Amino acid sequence: MSVYLLNIGVFICIYGILALTLNVLIGYAGVFTLAHAAFFGIGAYVATFVAMNFSASLVIVLIASVLTAGILSLIIALPALRVRDEYFVVISLAIQILCVTVFSEWRSFTGGLGGIVNIPLPELFFGTISTPMEFFLLALGCMAVITVIIGLIVRGSFGRSLMAVRDNESAALALGKNVARIKTLAAALSSGLAAVAGVVYAYYLSFINVQSFTLDTSVLVMAMVIIGGTGTMFGPIVGAALLTMLPNALSYVPFLPPTEIGSIQQILYGLAMILMMIFRPGGIVGRSRSKRDEK
Amino acid sequence: MSNYFKGIGVSLILGLAAATTAPAQAEEISIGGVFPLSGPNAIYGEIFQSSLRLAEDHIKDDQMLEGGMRILYEDSQALPQQAVLAMNKLVSVNNVPYVMSAFTGPSKAVAPIANRSKTVVVNGGGVGPDLAKLGEYFWNVIPLANTEMRSLLPYMVEEQDYKKFTLVYVDDPLGEGVLEVLQEQLPELGASLVNKYSIPATAQQFGGLAAKIRNDDPDVVFLASYGDQQVQIIKQLRQNGVTARFASYSAFSTPTVQALPEAEGALYATQAIDFEAEDAFTRRFVDDFKAAYGKLPTVYATNYYNAAMVFAMLGKELQSQGKPITGENLLELRRATESFNLVGGSVSFDEKGTLIAPIQIMEVNGSGSKVLKIGKP
Amino acid sequence: MVLLQLLVNGIQTGTIYALTAIGFALIFGSTRIFHFAHGAIFVIAAYVFKFVIGDLSLHWGIASIAAVSAAVLAGLLVNFLIYVPIQRHEGSYFTVFVASFGVVIVVQNAIAMIFGRGFVAIETSLSNAVEVFSGLFMAPLFGIVIACSAIVLTGLHLILTRTHFGIALRALSQNPELVRTFGLSTRRLSAYAFVLGSALVVPAAIFTGATSGLNPSIGLHIMLISLVATIAGGIGSIWGAACIALAIGVAENLVLWQLDTQWSEAVAFAFLLVFLIFRPAGLFRLASTH
């Protein structure tokens, strides 16, 4: 049974990392993107490629994945972030779809629809990580480090600039902030760190394929951030924990047919998103509507 | 506001309650089934489960296993990722020694887990040729595409005089496997693969494809697809003027294709199973199936019944020898066993764990199929 | 000859896309609400039609009326139950968009649970293609699609230019403050925009069901095309949206001449990316004070 719990724990941490990093864009920079799963995927595929062809050392793989995802994000964001926010949503959607097509077709790198099997175990200087407990500690450690990194950045001057851009872009521009550069840096940071989740995921399952990196995943992570609370430090983690445990909790409800659990889960978080936006846009952890209005 | 906390609280409590309940029944043996139970390929899951229900009943009636046997089903949706998650659950949480799998892609994805955890995985429906190379813990109770084609293609080229083939294939491991087989076998027979079209597994619209195929003007359009999609391909190609003969691997044996008017005349190969055989084992299966579902079983249904029976037979022998039923012991015993009496007759596994069986060639005739020819194994 | 066939196929696909896009363009143009749930309305209309004509075996006229009623009702419900409350207190595009997206997810899964996740088609002999001349196959359905779109587009044009209501809608999309100054209720006009926009989706939904078939996730795909078409066509311009949607449909099919089907969707979007980055105001820029 503890294996079962550790398994859930690893996934909570992986999705926690994704939610935390997406929050940097949605919650702090005010940039709405649907392409997060694509960078999760890029991280996972690069990690797999490096681990299977060069070295399974965790450090090397992490560096390679984070850099690749960050640089790719930079290249895409530079031109794309010049457009209005609403248009950027559509662009991010287009990027997500393009990436999924590339993941499915670039068979030599990604294994296509069949995916890649037999990914080796991660190696650290003191040995390999192989038991569920070790993987859980790895995932937890990554999530903790990323939380600290994001926390430091958000409380620093970059974080303040981000929030200024989010709250009133024209005012920020008037004050001399290079809005495009700030948003692009935020995107690179967010995508680069999201790749860490991809690394842990690939190592843990020993198998990856394009299905884990589709629009559905982007939407799921977005729901985690929104339900947990955008613009807060722990909101995304709460959202990730809730939505990851939801299908497991649902499978114990006796009258639900197991094949419909996926649909029911999505209906529940769809409804949660709608209700949240009407009654409590700040999410579970965020300030309630009345307090926000008082501001 | 308090509603939200209530919601969190309830899920946490449910989660904890689930976590602290120990898995039940120490005595009853569980085996796993990772099948598409939902989605466009759910029809296959239904087919497999229909005969596995009979297997469970017969195993219970014959009291083959002490403590009884239960099959735990997980939904793979015929997708590799879901299959991996399902397999992990069956292996780490339910500790099953034996899992039945279907579809080439998902099977390839779970094979490493099988080998690593020493769990036997048995495939009764996928036919990608790679499935023979997935390790000692991966067994096949169905002949694979290369074997099927080795009977079907000579029939088409030599006896029907078809020389120009076009292939429409899903770009997943099964489709790629069929492509390789055709590329290898057609030139040997003096025929040629005029063109090949790869389609996404989710494609539903084939008007453009029809235009390009009409341009090729082939004798045969070979399909490597499944489920809802292959029905759409056949229908839309015919509606848009493609007159070539259709052919495929055993996927055409599904009820939806059998009943499709546009599929009339389509050729396919499957394992030859003699449903008229006189032995009691076969008769019980066929008669009970007919009584329960009102029709004869298909090859796929039979394969999974056989897969469950193989487990029961091996398990029974292990129990009588006082050995625990683990994947390792099952593998060792299977290797030591000459042959198995399954539905359709006596069959044996080759050293790579794939069943050796004769092939038959069938033609869809609008209300089922008729057998045209039976080849040697 | 293959190219000509692909072009004809593309025109049919593009026309259906155009019909979907103008509904969204009308709503977004008039109300500036990021009505992502338009895709959900499409799915509802399509499945209602399929249910009435297929499972209940009623005449297609009845099925159409059922589909239009369902679409309009759904559109109004989404507007009044979701958008209006949000706009009352905050109404940033983000909040509205997220709620709208939530609607798409809920509807998609509800339909999947009721009708199954697999593929569903509206059976009709009208989709049997006939060889018009050597190498070119066309189905009667093609003619119906073209004729219907012509009627719808003409009708819409007349409404928007000749009726008070239509002119008010156009005014709303250009300058809502001025509309209010003239004593018209923007709230009521927005509701009418939703009624008209949602009804416009129905012919496209029916034709999609008859040509390429339906599955519950088709709402997202449709929404994509409509979004791209509306933005690249120029916000507020219905003709712009229709043109771009037609172009996307044609491009998706022409691409098949050289590439496999996997790339057709991606190419349409690569096309968008380039367009948006180099001409962000869209094809037909319309001045507005939004």
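Which element gives the most to the nonpolar patch? The points below take up that question and then the helices, a sheet, some backbone angles and the salt bridges. The model is predicted.

1. Nonpolar patch on chain C. H1(C) gives the most to the patch, with 4 residues. The patch lies on the surface and is formed by C:Met1, C:Leu3, C:Leu4, C:Leu7, C:Ile11, C:Val132, C:Phe133, C:Ile146, C:Leu246, C:Leu254 and C:Trp257, which together have about 880 Å² of accessible area. Two or more residues come from each of helix H1 (2-31), strand E1 (130-133) and helix H10 (238-254) of chain C.

2. C:Ile11 counts as partly exposed because its relative accessibility is 31%, and the patch takes in residues with over 30% relative accessible area.

3. Helix H1 of chain A. The helix covers residues 2-28, which is 27 residues, and spans 36 Å from its first C-alpha to its last, close to the 39 Å expected at 1.5 Å a residue. H1(A) has a kink of about 35° centred on A:Leu22. Of its 27 residues, 23 are buried, and H1(A) is thus described as mostly covered. A:Gly30 follows H1(A) and has a positive phi, near 70°.

4. Helix H10 of chain A. Residues 215-228 make up this helix of 14 residues; its reach from first C-alpha to last is 20 Å, close to the 20 Å expected at 1.5 Å a residue. H10(A) is mostly covered, with 13 of its 14 residues buried. The glycine that follows H10(A) is A:Gly229, and its phi is positive, near 130°.

5. A sheet in chain B. Three strands form an open sheet in the order E11-E12-E13 (chain B), and the pairing is antiparallel. Strand E11 (340-342) and strand E13 (355-356) of chain B are at the edges; each has a single partner strand, so one side of each has no neighbour in the sheet. Strand E12 (residues 345-349) of chain B is joined to E13(B) by 2 bridges, and the two run antiparallel. Opposite B:Ser348 stands B:Ile356 in E13(B).

6. Most residues other than glycine have a negative phi. B:Lys118 is not a glycine, yet its phi is positive, about 55°. B:Lys118 is placed in the loop between helix H4 (104-117) and strand E4 (120-123) of chain B. With a relative accessible area of 38%, B:Lys118 is partly exposed.

7. B:Asp161, backbone and side chain. B:Asp161 also has a positive phi, about 65°, although it is not a glycine. The loop that holds B:Asp161 runs between helix H5 (145-159) and strand E6 (164-170) of chain B. B:Asp161 counts as exposed because its relative accessibility is 54%. Its side chain meets that of B:Lys163 in a salt bridge (3.4 Å, N to O). B:Lys163 is partly exposed, at a relative accessible area of 34%.

8. Over all chains the count comes to 14 salt bridges. One of these joins the side chains of B:Glu184 and B:Arg150 (3.7 Å, N to O). B:Glu184 lies in helix H6 (residues 173-189) of chain B and B:Arg150 in helix H5 of chain B, so the pair ties together parts that are 34 residues apart in sequence. Both partners are partly exposed: B:Glu184 has 44% relative accessibility, and B:Arg150 has a relative accessible area of 47%.

9. A salt bridge within one helix. B:Asp287 forms a salt bridge with B:Arg283, and their closest N and O atoms are 3.8 Å apart. Both residues lie in helix H10 (residues 280-293) of chain B, 4 residues apart, about one turn of the helix. B:Asp287 is partly exposed, with a relative accessible area of 37%, and B:Arg283 is partly exposed at 22% relative accessibility.

10. A salt-bridge network. A:Glu105, A:Arg107, B:Asp171 and B:Glu176 are joined into one network by salt bridges that share partners. In general, side chains of opposite charge can pair when their charged atoms come close.

How values were computed:
Residues numbered from 1 in each chain as written. Chains lettered and ligands numbered in written order. Predicted model: local features only at pLDDT ≥ 70, side-chain atom pairs only at ≥ 80, totals over all residues. Heavy atoms only, no water. Patch = residues over 30% accessible without salt bridge, like charges linked within 9 Å, V, L, I, M, F, W, Y side chains within 5 Å. Areas by Shrake-Rupley, 256 points an atom, 1.4 Å probe, with all protein chains shown as cover. Salt bridge = Lys/Arg side-chain N within 4 Å of Asp/Glu carboxyl O. Buried < 20%, exposed > 50% of the residue type's maximum accessible area, 1.4 Å probe, protein only. Expected span 1.5 Å × (residues − 1). Bend = angle between axes of the 7 residues up to and from the residue. Pairing = 2+ DSSP bridges.
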